[in-house]
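Dear colleague,

I am passing on the structure below, together with some notes on what turned up when it was examined. Please read the notes with the structure open beside them.

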Amino acid sequence: MSRFANKTAVVTGGGRGIGQEIARALAAEGAKVAVVSRSESSCGKAADEINAEFPGSAKAYAVDVADHTAVQELAKKISEDFGTVNILVNNAGVTRDGLLMRMKEEDWDTVLDTNLKGAFNTVKGFMRVLMKAEDARIINIASVIGLIGNAGQANYSASKAGLIGFTKAVARELAGRQVTCNAIAPGFITTDMTDELPEAVKEAVIGKIPLATFGNTKDIAEAVAFLASPSARYITGQVLAVDGGMTM
Ligand code: NDP
């Protein structure tokens, strides 16, 4: 099945973890993918790995998604390099956890600037090209923490709840141009981000997941591929929780 033949996708945070798996899943079904991440080495390595499996499908671009001007320039470059962009996946994200009592202003700003403003920056950069593209999709990777909150993650919860509100507003604004915009709210997924958690925290989390296990990056990539596919053409403004039942 080649659901994404002749389609072009941009995946931010594509250098590792969930983003790399999303980029791989789209390339596996025929998409040309711009793999975007903060560091040249990370997106370069991910693109090399994807090209080794699906030759000529991936190209690496390093940018800080929080940098508005740099993202506008990059969007122009990617649009020129690929000719069109059909799918934008806003996946770049960071955590700077800590209880509010100890949270520094810098920790708040870094998380909001990357996770929320980063999506504003890319949507601004790519919206014109998306409005002209066929089957245009925006998919934002939020989090269950944006739905239910979490002690020690006020910055992250606010950024992901904001991303969900942003998703719905963008869905309404761009519906007239047949661009859909949806969010996925992953639960706990095994990546570098969750590897940082202490074992005791991981065990406590698993106790709250009805399916009693962490998810993997493929679980999220499959959901993104569905929302990006023609099968999801009539779905917009939704939040799909892929979380082992955590937030049912
Ligand atoms: P990782 O930490 O494994 O990877 C994050 C990716 O984002 C990296 O490629 C990183 O670039 C990139 N990135 C971070 N900051 C920036 C920036 N300012 N500009 C450009 N790229 C940036 O994260 P995950 O794969 O675990 O998470 C991916 C997304 O899924 C995030 O939005 C996260 O919040 C969300 N999520 C994750 C969950 C989980 O359990 N893992 C649960 C719920 C949501 P580089 O490689 O160059 O450092």
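The count of aromatic pairs comes to two, where rings of Phe, Tyr and Trp (its six-membered ring) pair if their centres lie within 6.5 Å, and planes under 30 degrees apart count as stacked, over 60 as edge-to-face and the rest as tilted. Y61 and F82 form a tilted pair, with 6.4 Å from centre to centre and 50 degrees between the planes. Because Y61 lies in strand β3 (residues 58–62) and F82 in helix α3 (residues 68–82), this pair ties together parts that are 21 residues apart in sequence; helices (H or I, at least four residues) and strands (E, at least two) are DSSP runs, numbered from the N terminus.

Please bear in mind that this is a predicted model, in which local features need pLDDT of at least 70 and side-chain atom pairs count only at pLDDT 80 or more, while totals for chains, interfaces and linings use all residues. Residues are numbered from 1 along each chain as its sequence is written, and side-chain values use heavy atoms, with hydrogens and water left out.

Turning to the ligand, R38, S42, N91, Y156 and T191 come nearest among the 30 residues around the ligand (a residue is near if one of its heavy atoms lies within 4 Å). Among the polar contacts (pairs of N or O atoms within 3.5 Å), an oxygen atom of the ligand is 2.8 Å from a polar backbone atom of I18, a ligand nitrogen is 2.8 Å from an N or O atom in the side chain of D64, and a ligand nitrogen lies 2.9 Å from a backbone N or O atom of V65. Taken alone the ligand exposes 900 Å², of which the protein buries 95% (Shrake-Rupley method, 1.4 Å probe). The elements that give two or more residues to the shell are α1 (17–28), α6 (154–174) and α7 (192–195), and α7 provides the largest share, three residues. The shell divides into twelve nonpolar, 13 polar and five charged residues, where Ala, Val, Leu, Ile, Met, Phe, Trp, Tyr, Cys and Pro count as nonpolar, Asp, Glu, Lys and Arg as charged, and the others, Gly among them, as polar.

With best wishes

How values were computed: Polar contact = N/O pair within 3.5 Å; in protein donor to acceptor, adjacent residues only side chain to side chain.
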